[in-house]
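This report describes selected local features of one structure. The sequence and the coordinates come first, and the commentary follows.

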Amino acid sequence: MTPAELSQAVQSAVRAAVEAGELNVAAPAAVTVERPKNRDHGDYATNVALQLAKAAGQPPRQVAELVAGRLRELPGVAKVDIAGPGFMNITLGDATRGEVARSILAAGPVYGHNDSFAGARVNLEFVSANPTGPIHIGGVRWAALGDSLGRILRASGAEVTTEYYINDAGVQMGKFGNSLLAAANNRPVPEDGYVGEYISDIAAQIITENPTILSLPEDAQRERFRTEGLRLMVAEIKRSMQEFGAHFDVWFSEKSLHDSGAVEKAVDRLREQGHVFELDGATWLRTTDFGDDKDRVLIKADGETTYFASDAAYYLSKRDRGHEVNVYMLGADHHGYVNRLKAIAACAGDDPTRNIEVLIGQFVKMLKDGQEVRMSKRAGNIITIDDVVEWIGVDAARYTLSRSPSDSTITLDINVLTSTSNENHVYYVQYAHSRMCSIQRNAAALGFDKGPTEGFKPELLNTPAETELLGALADFPSEVSKAGRFREPHHIARYLEETAGSYHRFNDQCRVLPFGDDEVTDLNRSRLWLVEATRTVIANGLALLGVSAPERM
């Protein structure tokens, strides 16, 4: 019995008490059951009686007893104790507890999937770095977190579109083009230009692909270097993202908003909503009506549209494409965008608490031999995604960047993340998976496997170590749902580490394979069921983080 199934059972017991006239309350839409920290208090606990007592006009313990009496009648429930002011501590029977292993193996790769976001249409935008250079360390963090969050939301039933917003309009692209032009003509980098070997590399590639480019007038050269540089840089970013395992369904061009007239149409739509006004020759959006610290300019007095106008058009594009929830994942230097983006949604007539979410990620630093690593040779003044992959690998980077809340500053220690010690969290989890695979291989070498489903004896999995591990496995679907609900993939990573710890304790205390020539027993086979169920959960969890589950290490 999983926590979700037990929650439904408690809910049904409450509903039965209401229908019998014993409780005069509305049955709750959902019931929370949790594993108590002290396992002597049972397998699960719920405070539903405390929640209902006031409305029912009865003492919490009396409400608890009405519900507990019905729960005690259910097959698989060994006992229900009432503790303190009215908590219900529920203990499952050994066979019921062990059945979770059968459920896991029946579900296979989709165990942990749930329907908590069924029907939701989510647009998830992340990374979205300017195409003027390689992805830097901050973007690497969003690549790991954003891609993992997309996987988690899909596993929770949402229809997710992952999106990269290409900032290919505006002054930065002009500076990028000027930098390439200078490199191609052996001139110093412009004062506000971009530096690093990658600029020279791109300029050289453009010349190779366009042999006559340097014979063009300078303005024509500048435009050609800008457009060709953009094409090559976007291709480079796509390559880096693909190699990092970060998938984007849509690569959206900011320039397309201007070329299609979407920016002007967005201003008109916002004007129809009554929030656009004219002042000093400029066109403004009255975002202060919705919590922004100041009103924002959409069109300057000289007729030039602003980045904010593009932001408004881009949000409306997302809504027009049918995305109900629009999640923006932005870096720490974009904190000021939160209120202005929410104000755009409100000015458009949407609900800024539901239709738009802005997640802010903090900084990342890297250490090697105790010293902070600050620069990349190729990029000149930043650490790039390719640097991170070269130093620690995709698995270590993705896992470590996903195991902390996005709003916390983190440090990646290259020495730790390339070691095979338990300090390396991804190694600890992956090693647990490979250890299970080794047991399966050894069992096959001995000529046995877990056997058919009707031969599984879940009641034999009753030691404290087995009970602990089974409880952890049963929690996986709720952990996936929680990670999606809070937009925090780190819940999955921390869960995997705790479950790997439970598995290591089980493996140390409970022998799975028979000794020597001993006969294979039902206990051996049942424990092999548990090993395979645990391996499935670890593999599924790693997949949600975009991390491999190696069979050998």
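## Local features of the model

Asn186 is found in the loop that connects α6 (171-184) and α7 (197-209); helices here are DSSP runs of H or I with at least four residues, strands are runs of E with at least two, and both are numbered from the N terminus. The model is predicted, so local features need pLDDT of at least 70 and side-chain atom pairs count only at pLDDT 80 or more, while totals for chains, interfaces and linings use all residues. Residues are numbered from 1 along each chain as its sequence is written, and side-chain values use heavy atoms, with hydrogens and water left out.

### Positive phi values

Most residues other than glycine have a negative phi. Asn186, although not a glycine, has a positive phi of about 55°. Asn186 is exposed, with a relative accessible area of 73%; the classes are buried under 20%, exposed over 50% and partly exposed in between, computed with a 1.4 Å probe on protein chains only. Val127 is another non-glycine residue with a positive phi, near 70°. Val127 belongs to the loop between β4 (121-125) and α5 (137-155), and this residue is buried at 11% relative accessible area.

### Aromatic pairs

A pair of aromatic rings is described by the distance of the centres and the angle of the planes. Rings of Phe, Tyr and Trp (its six-membered ring) pair if their centres lie within 6.5 Å; planes under 30 degrees apart count as stacked, over 60 as edge-to-face and the rest as tilted. Searching the whole structure gives 14 aromatic pairs. One of them joins Tyr164 and Phe248, whose ring centres are 5.4 Å apart with planes at 80°, so the pair is edge-to-face. Tyr164 lies in strand β5 (residues 159-166) and Phe248 in the loop between α8 (218-244) and β6 (250-253), so the pair ties together parts that are 84 residues apart in sequence. Tyr164 is buried at 1% relative accessibility, and Phe248 is buried at 6%. Both rings belong to one aromatic cluster formed by Phe126, Tyr164, Phe248 and Trp251.

A stacked pair is formed by Tyr427 and Tyr431, with 5.8 Å centre to centre and 10° between the planes. The two residues lie in helix α16 (residues 425-445), four residues apart, about one turn of the helix. Tyr427 is buried, at 17% relative accessible area, whereas Tyr431 is partly exposed, at 33%.

### A three-stranded sheet

Strands of a sheet pair through backbone hydrogen bonds, either parallel or antiparallel. Here, an open sheet of three strands has the order β7-β8-β9 with antiparallel pairing, where two strands pair if DSSP finds at least two bridges between them. Its edge strands, β7 (276-279) and β9 (296-299), each pair on one side only. On average, neighbouring strands of the sheet are turned by 45° against each other, direction ignored. Between β7 and β8 (residues 282-285), which run antiparallel, there are four bridges; Val276 has Leu285 of β8 as its bridge partner. Helix α10 (residues 262-272) packs on the sheet and touches β7, β8 and β9, its direction making about 105° with that of β7. Axes are lines fitted to C-alpha atoms, for helices over the stretch in contact, and angles run from 0 to 180 degrees between N-to-C directions.

| Side chain | Partner side chain | Distance |
|---|---|---|
| Asp475 | Arg35 | 2.6 Å |
| Ser481 | Ser116 | 3.2 Å |

Asp475 sits in the loop between α17 (464-474) and α18 (476-485) and is buried, at 12% relative accessibility. Leaving aside neighbours within four places in sequence, Asp475 is in contact (heavy atoms within 4.5 Å) with Pro3, Arg35, Tyr44 and Tyr495. Ser481 lies in helix α18 and is buried, with a relative accessible area of 12%. Not counting residues up to four places away in sequence, Ser481 touches Asn114, Ser116, Phe117 and Ser156.

### Cysteines

With a disulfide defined as a pair of cysteine sulfur atoms within 2.5 Å, the count is zero. Cys437 is in no disulfide, and the nearest cysteine sulfur, that of Cys510, is 19 Å away. Cys437 is buried at 6% relative accessible area, and Cys510 is buried at 3%.

Definitions and conventions. Polar contact = N/O pair within 3.5 Å; in protein donor to acceptor, adjacent residues only side chain to side chain.
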